[in-house]
Amino acid sequence: MDLDILLEKLKAVLMSVVPVVAVVLLLNFTLTPLGGEMLARLLIGSLFIIVGLTIFLFGVDIGITPIGNQMGKTIARSGSLRLLILAGLGLGFFISAAEPDLHILAGQVASVTAGAIPKTFLVLLVSAGIAILLTTGFLRIVYNRSLNRLLAVLYGLIGLLALVAPPEFLAISFDSSGATTGALAVPFILSLAMGVSSLKRGRASEEDSFGLVGVTSTGASLAVLLMSILRPGAQLTGSLPGGHGVSGGILLPFARLLPVMSFEVLLALAPIVAVFAGFQKFFFHLPARSVRRIIKGLIYSFSGMVLFLTGVNAGFMEAGTRVGSLLAGRYPPAVLVITGFVIGLVVILAEPAVHVLSRQVEDATSGYIRRKVVLVTLSIGVSLAVGLSMLRIVIPSLQLWHFLLPGYLLATWLSFRVPQLFVGIAYDSGGVASGPMTATFVLAFSHGAAGTMTGASLLADGFGLIAMVAMTPILALQILGLMF
């Protein structure tokens, strides 16, 4: 049975990653030659990503998701407000701190700002914001508060803070929001939501099983924006690291990064293991067979995440930066924008969290909303997001808020016009659409283009792509909700 699940994950990952690699190879042989060593590292990195994501997703299924479901049910069944708050704060912080996408983004921010925003500082700051908003989302479910009104308040607060925050922090704040809801956090948060809402009956349970990801992800934006306003200091400046990549031949970067990634992932997952051990001792009392299976899942998750992050850092992101830089420097701006649209079409299929969400949407609606409909809708939305992000780089006078302000105003208006189930699904999709592939290759592609294009700002224009990717699916799926 486990072998069947593993093969199913491998098939899904192959169908997801191969289209992205195919696009890069096509560009390599036509518009943007990468060179022998970089191309070899890209292919080896792709192999690491495929194997790593397969093992990781399998581990999430048998380890992380069952923990989330059990915790959600335990919290709801206890009826203890204190346990609900403590669990929300603890789980939110630890899950966010363990999210590989956040580590990738934080590393990118630290790199282009020459350490002005340290990686560890950004991870801890964002995790604190996630913890507070996950707890808020729990309280909303338990006390039957309106999802659309809560989201309107949260995005209204983000809008007010954005008016006084520096533009480069605006981009980083929204990118952080998207990066926190990746391959690890989304399955866990969705399973927590389903666990907490499962004790409610009928339509209320169905509606409350979605929306927690959308609420939680706003915590990252709020935390970074507050930090940018309260923290004194000079305006940030950014530049691409010299060489746009790694050095040391083909295999040495992988060997050098493997122990580093192992240590980082071990630190990230250790608190989750500790929390599970505490819940098992005092609340779960699961049989030994179930505990062994969960432990096996955690080991798979660790191994897969290490391979994935090693492949990303040693072979994938440098190729994205190089492609973006060559397109921006050698060809008319229209080529960069069109390439962005094409990459957006395929990259959404490479996000494992999207497949988790689309499957749960189909299950929660008893097949009424088909997986393929959700995937096609998201693909169109993300294609527009990446294409418009490239347009923002080409035309620096177009700023991020020119898209986000009307976009979220429209999303808020739609949230009062469509069924509440679609509101939760839409805002969850905004978080899951911006996962590993967006945080790695596409963000690096944006950095390469912004760092090369005359007049563009690496911080204000290079970042913000994840924010766009997180917003357009919200609009697309709520429009789909109007149609249904």
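**Exercise 1.** Is Asp461 buried or exposed?

*Solution.* The model is predicted; local features need pLDDT of at least 70, side-chain atom pairs count only at pLDDT 80 or more, and totals for chains, interfaces and linings use all residues. Residues are numbered from 1 along each chain as its sequence is written, and side-chain values use heavy atoms, without hydrogens and water.

Step 1. Buried means under 20% relative accessible area, exposed over 50%, and partly exposed in between (1.4 Å probe, protein chains only).
Step 2. Asp461 has a relative accessible area of 6%, so this residue is buried.

**Exercise 2.** Identify the salt-bridge partner of Asp461 and locate both residues.

*Solution.* Step 1. A salt bridge requires a side-chain nitrogen of Lys or Arg within 4 Å of a carboxyl oxygen of Asp or Glu.
Step 2. Arg392 is the partner of Asp461, with the closest N and O atoms 3.7 Å apart.
Step 3. Arg392 belongs to helix H15 (residues 371-394) and Asp461 to helix H19 (residues 458-462), so the pair links distant parts of the chain, 69 residues apart. Helices are DSSP runs (H or I, at least four residues), numbered from the N terminus.
Step 4. Arg392 also counts as buried, at 1% relative accessibility.

**Exercise 3.** Describe the salt bridge of Asp2.

*Solution.* Step 1. The side chain of Asp2 meets that of Arg293 at 2.9 Å, N to O.
Step 2. Asp2 lies in helix H1 (residues 2-29) and Arg293 in helix H12 (residues 288-330), 291 residues apart.
Step 3. Asp2 is partly exposed at 21%, and Arg293 is partly exposed at 32%.
Step 4. Lys296 joins Asp2 and Arg293 in a network of salt bridges.

Note on methods:
Helices (H or I, at least four residues) and strands (E, at least two) are DSSP runs, numbered from the N terminus.
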